[in-house]
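Colleague: I have the model open and would like to go through it with you, piece by piece.

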Amino acid sequence: MKPDKKRLWQGILLVILAILLFFFLAVLERVTSPLQKFLVYILLLSLGGGIIAIVMSFARDDAQKKERKYNMQKTIAVIKGDGIGPEIVTEAMKVLDKVAEKYNHKFTYKEVLMGGCAIDATGEPLPQQTIDICQCSDSVLLGAVGGPKWDTLPGDRRPEKGLLGLRGALGLFANIRPSHLNPVLADACPLKNEIVGDGIDLMVVRELIGGAYFGKRETYVKDGEKIAYDTTKYSESEVERVARVAFQMARKRRSKVNSVDKANVLDSSRLWREVVERVAKDYPDVEFSNMLVDNCAMQLVRNPGQFDVIVTENLFGDILTDEASMITGSIGMIPSASLGSGKMGLYEPIHGSAPDIAGQNKANPIATILSAAMMLRYSFDMDVEAKNVEDAVQKVLEAGYRTGDIMSEGCKQVSCQEMGDLICQNI
Ligand SMILES: NC(=O)c1ccc[n+]([C@@H]2O[C@H](COP(=O)([O-])OP(=O)(O)OC[C@H]3O[C@@H](n4cnc5c(N)ncnc54)[C@H](O)[C@@H]3O)[C@@H](O)[C@H]2O)c1
């Protein structure tokens with residue numbers, strides 16, 4: 001229990017005053033009785049006041065905590081998206097409702113369109129109304145977008161364009177993806193036991209709204225053949241802000257950061273390295289090193305246990321996060337958070353819309369449910385509630401329940417909906 005510091009110091013000062021008066025009285029033993037009486041009153045008042053202030057400093061904090069924990073009202077923009085999106089997001093909302101009921105919060109959902117379903121309804125992958133509602137919400141919960149139906153559309157009209165546009169519009173510059181090998185799913189890990197060793201528990205912090213995905217690009221024809229280029233551009237401030245997210249994240253974990261670049265070839269990477277090295281000096285307690293991206297791709301399958309936090313630019317991060325998630329088993333288990341400078345965040349599973357199993361109640365909703373848990377922790381400061389959801393997922397897995405993608409011998413296969421129900425029952 002942490003006390004209210006101001007009150008605690010007031011109390012300590014009053015107690016010190018009372019002690020000083022006590023010694024003063026001892027010196028003034030022979031002074032006439034009215035003055036002595038007056039000083040005794042002050043001594044008693046100071047002592048009493050001091051003790052009350054110290055007790056209150058703890059009590060006040062407790063009351064504040066209670067106030068923070070209960071009766072919170074949050075508005076969540078919900079983008080169910082395409083393919084399995086509606087199925088998995090429905091289960092995550094069910095879990096959030098259970099959390100709201102248990103902890104006496106109120107979550108208001110505002111459903112908006114993005115991706116293929118938005119193209120069908122409005123002709124745009126990211127309607128302005130969706131941006132407006134997301135910007136006015138406390139956070140955004142997303143399923144997945146895209147599918148074969150929209151694959152032939154031109155680049156700027158494809159569902160994925162909506163996702164990139166939304167990240168940019170919300171200023172979400174850091175994507176955070178944990179990769180943790182759950183002991184109960186160890187069989188799903190494609191690496192040999194001797195490589196996995198004590199386990200895998202790493203976090204990739206990926207820059208999200210810069211680099212090649214947002215740089216100038218063009219396809220043109222010259223001398224009868226097509227030529228295409230993309231540009232990677234980073235400013236010092238863009239690198240610095242995401243580097244700070246990584247170092248702060250490391251402080252809450254095992255205090256180690258690997259910055260990944262291609263500084264032996266690319267100018268943008270040389271600037272990246274220069275800035276991250278400068279930021280590292282502000283975090284002397286965090287062990288820091290640079291690594292080339294090709295080496296990192298290799299080290300992830302050779303010795304993944306060496307990593308704690310990896311920070312890297314947009315394109316390298318996109319590839320490394322998929323690799324980091326695959327070595328822990330199923331793609332249906334991994335959540336992600338995209339954060340900016342404030343509390344608002346976009347929370348989504350790392351997988352796509354899985355059109356091959358869409359509408360069959362077969363999808364694994366756990367990545368989306370764990371994304372909702374990240375929302376509780378990072379956007380709403382509800383650590384206890386987030387832990388409750390994560391523990392509920394763990395209990396269900398330990399009890400042997402599995403969706404098809406993580407099914408193994410001796411376990412009980414359940415549907416997407418049943419998995420959501422089981423997790424709710426354990427909250
Ligand atoms: N953030 C996003 O919205 C996002 C991300 C990646 C891909 N996509 C889009 O999704 C579509 C399909 O892409 P893809 O097939 O390359 O990748 P995918 O992640 O959708 O599917 C890859 C494989 O994993 C399985 N899978 C994925 N999630 C699962 C889950 N929760 N439970 C069980 N199995 C699951 C699928 O059935 C499939 O076999 C494409 O249109 C792509 O552009 C969207």
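**Strands, helices and loops**

Modeller: Let me begin with strand β4 (residues 174–180), where 6 of the 7 residues are buried, so that β4 is largely enclosed by the rest of the structure. Buried here means that 20 or more other C-beta atoms lie within 10 Å of a residue's own, exposed means 12 or fewer, and partly exposed is anything in between, with the C-beta atoms placed from the backbone. Strands (E, at least two residues) and helices (H or I, at least four) are DSSP runs, numbered from the N terminus. Please keep in mind that this is a predicted model, in which local features need pLDDT of at least 70 and side-chain atom pairs count only at pLDDT 80 or more, while totals for chains, interfaces and linings use all residues. Residues are numbered from 1 along each chain as its sequence is written.

Colleague: OK, and which way does β4 run relative to β5, and over how many bridges?

Modeller: β4 and strand β5 (residues 201–207) run antiparallel and are joined by 7 bridges, with H180 standing opposite D201 in β5. Two strands count as paired if DSSP finds at least two bridges between them. β4 is also joined to strand β11 (residues 335–339), again antiparallel, by 3 bridges, and there I176 stands opposite A337.

Colleague: What does β5 do with β10, parallel or antiparallel?

Modeller: β5 and β10 pair in the parallel sense over 4 bridges, and V205 stands opposite V311 in β10. Strand β8 (residues 256–261) also pairs with β10 in the parallel sense, over 4 bridges, with V257 opposite V309. Within β10 (residues 309–312), V309 and V311 point one way and I310 and T312 the other, and all are buried.

Colleague: Switching to helices, which residues of α13 are buried?

Modeller: In α13, the buried residues are E385, A386, V389, A392, V393, V396 and L397. They cover an arc of only 135° around the axis, which puts them on the same side of α13; the arc is that of the directions from the helix axis to the C-beta atoms. As a general point, an α-helix has 3.6 residues a turn, so residues three or four places apart point the same way. On the other side of α13, D383, V384 and E398 are exposed.

Colleague: And what do the buried ones pack against?

Modeller: The buried residues of α13 pack against α3 (85–103), α12 (366–378), β13 (401–402) and α14 (416–425), where a contact means two C-beta atoms, placed from the backbone, within 7 Å.

Colleague: Which residues have a positive phi although they are not glycines?

Modeller: D223, at about 50°, is one of these, in the loop between β6 (217–222) and β7 (225–230). D223 is exposed, with 5 other C-beta atoms within 10 Å. N361 has a positive phi of about 60° and lies in the loop between β12 and α12; N361 is partly exposed, with 14 other C-beta atoms within 10 Å.

Colleague: Now the ligand, which residues are closest to it?

Modeller: The closest are G146, G332, H351, G352 and N364, among the 22 residues that surround the ligand, counted when the C-beta atom, placed from the backbone, lies within 6 Å of it. By class, that shell has 11 nonpolar, 7 polar and 4 charged residues. Ala, Val, Leu, Ile, Met, Phe, Trp, Tyr, Cys and Pro count as nonpolar, Asp, Glu, Lys and Arg as charged, and the others, Gly among them, as polar.

Colleague: Last one, how many helices and strands does the protein have?

Modeller: The protein has 14 helices and 14 strands, and its C-alpha trace spans about 110 × 50 × 50 Å along the principal axes. Buried residues make up 41% of the 427 residues, and of the contacts with a separation of 6 or more, 76% are between residues 24 or more positions apart.
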